[in-house]
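Have the sequence and the fold open side by side. The questions below walk through strands, rings and charges.

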Amino acid sequence: MTKKLSIALLLAIGLICAAKAQESPTPISSPTPEESPSLSPTPSPVTDESPSPTPSASPAHGARLRFIPPPMEGTISLGIFDENRTLVRILQREAKIDNFSVEPDGLGATWDGKNDAGKDLPPGKYRGRGYRIGELKVEDVGKAKKAPANDGADRVAVTLVTNPLSSDTRAVVDLGVGVDSQGCFLRTMDGLPLFTVSKTPKLVRAAITKNGKKSVDVWQDDGEAVEQLRVSNIDQMMAFDCGFFELR
């Protein structure tokens with residue numbers, strides 16, 4: 001009997017406290033006329049938040065990608081490819097896990113349906129593919145007299161770490177080297193940047209050759225001098241696949 005009374009008493013106290021909590025906002029939040037401008041309609045917020053007179057023609061144009069990240073440490077580069085296997089958008093470049101949303105079945109990323117130039121791509125079937133890049137190391141070998149001849153085959157074949165979570169991924173990838181305003185970088189032959197080799201500005205050319213099974217040599221040319229760099233642990237990369245999806 002005592003236990004039931006105690007429970008009833010606690011419930012009664014809770015109801016009284018809840019009633020007081022509901023009553024208390026009235027005297028506290030009641031403002032004086034001088035303190036009530038927020039209650040009166042102000043044109044600024046309404047004007048700022050009003051719909052644009054020219055709404056987007058494709059507000060729902062885009063797609064959601066989900067994938068299981070490869071089980072290794074490192075950054076992630078992710079690209080969107082069309083049905084012809086052409087890279088149409090670099091979605092992530094050397095990104096950390098924090099750049100993706102964590103979901104129950106892996107990681108998620110949103111694509112707005114645009115290409116790298118910011119233009120809407122047509123509806124159709126697309127595919128997300130990417131790479132996890134481990135701890136690659138760059139060594140400055142020194143100045144060189146000239147870079148090796150390109151001969152139209154400026155690429156090296158690299159054996160990837162097998163992704164145990166997917167059988168539909170590449171075991172070998174052909175790597176090239178590219179230059180842009182950010183410096184010199186390793187890339188796949190279809191154009192997806194994987195790893196920044198240097199942040200040297202104003203480069204005009206770069207070349208790549210194999211140096212054993214686990215390293216490559218990169219020559220970068222700024223028009224005045226050629227510098228040789230060696231990238232080791234080149235085999236520490238793993239491919240992954242986001243699968244096909246429809247862009248509507």
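**Strands, rings and charges**

In β9, Val 173 is the bridge partner of Val 158. The model is predicted.

Q: In which sense do β8 and strand β9 pair, and over how many bridges?
A: Strands of a sheet pair through backbone hydrogen bonds, either parallel or antiparallel. Strand β9 covers residues 172–180. Its pairing with β8 is antiparallel, over four bridges.

Q: Which residues of strand β8 make up its covered face?
A: In a regular strand the side chains alternate between the two faces of the sheet. Strand β8 spans residues 156–159. Ala 157 and Thr 159 are on the uncovered face. The covered face holds Val 156 and Val 158.

Q: Which residue of β5 is the bridge partner of Ala 63?
A: β1 and β5 are paired in the antiparallel sense, over five bridges. The bridge partner of Ala 63 in β5 is Trp 111.

Q: How many residues apart are Trp 111 and Tyr 126?
A: Trp 111 lies in strand β5 (residues 106–111) and Tyr 126 in strand β6 (residues 124–133). The pair links distant parts of the chain. The separation is 15 residues.

Q: Why does the pair of Trp 111 and Phe 245 tie together separate parts of the sequence, and how many residues apart are they?
A: The ring centres of Trp 111 and Phe 245 are 6.0 Å apart, with the planes at 75 degrees, so the pair is edge-to-face. Trp 111 lies in strand β5, while Phe 245 lies in strand β15 (residues 237–247). The pair therefore ties together parts that are 134 residues apart in sequence.

Q: Is Phe 245 buried or exposed?
A: Buried means under 20% relative accessible area. Phe 245 has 13%. Trp 111, at 1%, also counts as buried. Phe 245 is buried.

Q: Which residue lies over the face of Phe 185?
A: The distance from the ring centre of Phe 185 is 4.6 Å. The residue over this face is Arg 93.

Q: Which residue lies over the face of Phe 244?
A: Here the distance from the ring centre is 5.8 Å. The residue over the face of Phe 244 is Lys 125.

Q: With which residue does Asp 241 form a salt bridge?
A: A search of the whole structure finds 10 salt bridges. In this one, the closest N and O atoms are 2.4 Å apart. The partners lie in strand β15 and strand β6, 114 residues apart. The partner of Asp 241 is Arg 127.

Q: Are Asp 241 and Arg 127 buried or exposed?
A: The limit for buried is under 20% relative accessible area. Asp 241 has 19%, and Arg 127 has 14%. Asp 241 is buried, and Arg 127 is buried.

Q: Which residue meets Asp 116 in a salt bridge?
A: Asp 116 is in the loop between β5 and β6, and its partner is in strand β3, 27 residues apart. The N to O distance is 3.7 Å, and the partner is Arg 89.

Q: What is the phi of Lys 202, and where does Lys 202 lie?
A: Most residues other than glycine have a negative phi. Lys 202 is exposed, with a relative accessible area of 72%. Lys 202 lies in the loop between β11 (193–198) and β12 (205–210). Its phi is positive, near 60 degrees.

How values were computed. Residues are numbered from 1 along each chain as its sequence is written. This is a predicted model: local features need pLDDT of at least 70, side-chain atom pairs count only at pLDDT 80 or more; totals for chains, interfaces and linings use all residues. Side-chain values use heavy atoms; hydrogens and water are left out. Helices (H or I, at least four residues) and strands (E, at least two) are DSSP runs, numbered from the N terminus. Buried means under 20% relative accessible area, exposed over 50%, partly exposed in between (1.4 Å probe, protein chains only). Rings of Phe, Tyr and Trp (its six-membered ring) pair if their centres lie within 6.5 Å; planes under 30 degrees apart count as stacked, over 60 as edge-to-face and the rest as tilted. A charge sits over a ring if NZ of Lys or CZ of Arg is within 6 Å of the ring centre and within 35 degrees of the ring normal. Two strands pair if DSSP finds at least two bridges between them. A salt bridge is a side-chain nitrogen of Lys or Arg within 4 Å of a carboxyl oxygen of Asp or Glu.
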